[in-house]
Amino acid sequence: MHMKKTLVLITSLFLLFCIHMKGQIDELKKPNIVLIVADDLGWNDVSFNGSDIRTPNIDSLARHGVVLKRFYVSPKCSPTRAGLLTGIYPDRFNLRGYVYSIRYKGGVPVELTILPEMLKKAGYNKLAAFGKWHLGHSHYKYHPISQGFTSFYGHYNGAIDYYSHLRDGEIDWHRDYETSYDVGYSTDLIGSEVVRFISNTDSQNPFFAYVAFNAPHSPMQAKLEELEKYNYDSNALEQEYAIVEGHKGEKGMNVYGLKGRGNNLRQTYSAMVSSMDLWIGKIINALKSNGIHDNTLIWFLSDNGGISSYGGDNFPLRGGKHSQWEGGVRSISFVNWPGKIKPGTESNQLTSYIDVFPTLEKIVGLPVSDKVDGINIMNALKNKTLPKRYLYLGKDAVVSKKWKMNKGELFKIEDDISEKNDLSNKNPRIVKKLAEIINYYKEMMPGEKPEIYPNDWRPPKNWVMPK
């Protein structure tokens, strides 16, 4: 009897030891990371926020993860992407009020450590960038591979034609450093390349995939099969199309932005979002088919809010892209990580694009850098409280958990997400404090103007980055 009890005790202790060791191994196992960035996606442009646009795959990811209800970005493309990849306010290198458009020289400073370079230190050796770069194209030192990625497939500039891949008369589509002449709708090409990348990975070596769709940014171009889901009538006239600025008289104008227009902007925009959602579903299926879904962290966000003149909808938020109102800077964002993040949760903690870098740094087992502006938000991902903080939103805007000030107007933002009730006259001390914080950040700007190519400049052939 005594021997039997001893055997039971030994067996129990052994099982406990095995469970403990498995837990330690799971903690040490680094996840695959898929960072998905939508382009100009509005707050009311996903089904889980009440939109009439059908986004079943995005909804499913959000439903099985944690939705970050107070996730802030820059109101423009390049600044958000720069802060996302560095963890640093883009103001520190003078990037806030502009993007790296075709005539701008420069890019994210090469001396900064960006996300793929940090992940290399943690043992990641497959670091792929897909889609829109928009962080410098004037020299190959700003190329994604020069900045730490091991492969790149996509385009350097914003606002390319979805079908011809032209920007200012030249093809802006590339595989690594070389021009790619792949034919197809850009969302399809980006998505299929991500699926191919995932299918060629092995479960023993974690990877990082930066998936930056150019959808649903202008020009407004959709696929017929997606338009038909939104009652497209081929006999109806096209309506409500805004003129895309910066393309008058350019070489190749006759094939820029014309193919794939629906009957109206909202219909076309909806179809473009649906195409992106379809490929997000295929990316999830590729992870499952390859047996690595359960060890993959997926972080989704939009680089800024939508633009109503191009079909986007930020209801019930005020304003949109290019503004510091909530519609411009409060981004759709969620994190999905099976077994690590409780499904079906929401966080109202104050989080931001500059938090992605330090949070992933913590997740992959590195000490969080003291040279970034963001913080590790793992507590928010687990629906716990974060330390008190203020986020600078650019120009004259700052936000805290409770308050937001923009252009001198003060809102109790935790209760007034539509920014309807200006409380500045009733709270002069809070206005003074927030104004001091805004001035501190405004003084942080180096103040140097980016160098610009002359007016008669033409882009290089096939947008090849010069050396």
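Predicted model: local features only at pLDDT ≥ 70, side-chain atom pairs only at ≥ 80, totals over all residues.
Close-up 1. Strand S18, which covers residues 404-406, is joined to S19 by three bridges, and the two run antiparallel.

**Close-up 2. The open sheet of strands S16, S17, S18 and S19.** Four strands are arranged in the order S16-S17-S18-S19, with antiparallel pairing, and the sheet they form is open. Strand S16 (391-394) and strand S19 (409-411) each have a single partner strand and stand at the edges, so one side of each is left without a neighbour in the sheet. On average, and with direction ignored, neighbouring strands of this sheet are turned by 20 degrees against each other.

**Close-up 3. Helix H7 and the residues at its two ends.** Helix H7 is made up of 25 residues (265-289), and the distance from its first C-alpha to its last is 36 Å, close to the 36 Å expected at 1.5 Å a residue. Because 19 of the 25 residues of H7 are buried, the helix is largely enclosed by the rest of the structure. At the start of H7, Asn264 places a side-chain oxygen within 3.3 Å of the backbone nitrogen of Arg266, while just after the helix Gly291 adopts a positive phi of about 70 degrees.

**Close-up 4. The chain around these views.** The chain contains 11 helices and 19 strands, and 58% of its 467 residues are buried. Of the contacts between residues at least 6 apart in sequence, 73% join residues at least 24 apart. The accessible surface of the chain amounts to about 20,400 Å², and carbon and sulfur atoms account for 53% of that area.

Definitions and conventions. Residues numbered from 1 in each chain as written. Heavy atoms only, no water. Expected span 1.5 Å × (residues − 1). Buried < 20%, exposed > 50% of the residue type's maximum accessible area, 1.4 Å probe, protein only. Polar contact = N/O pair within 3.5 Å; in protein donor to acceptor, adjacent residues only side chain to side chain. Pairing = 2+ DSSP bridges. Axes fitted to C-alpha atoms, helices over the stretch in contact; angles between N-to-C directions. Contact = heavy atoms within 4.5 Å. Areas by Shrake-Rupley, 256 points an atom, 1.4 Å probe, with all protein chains shown as cover.
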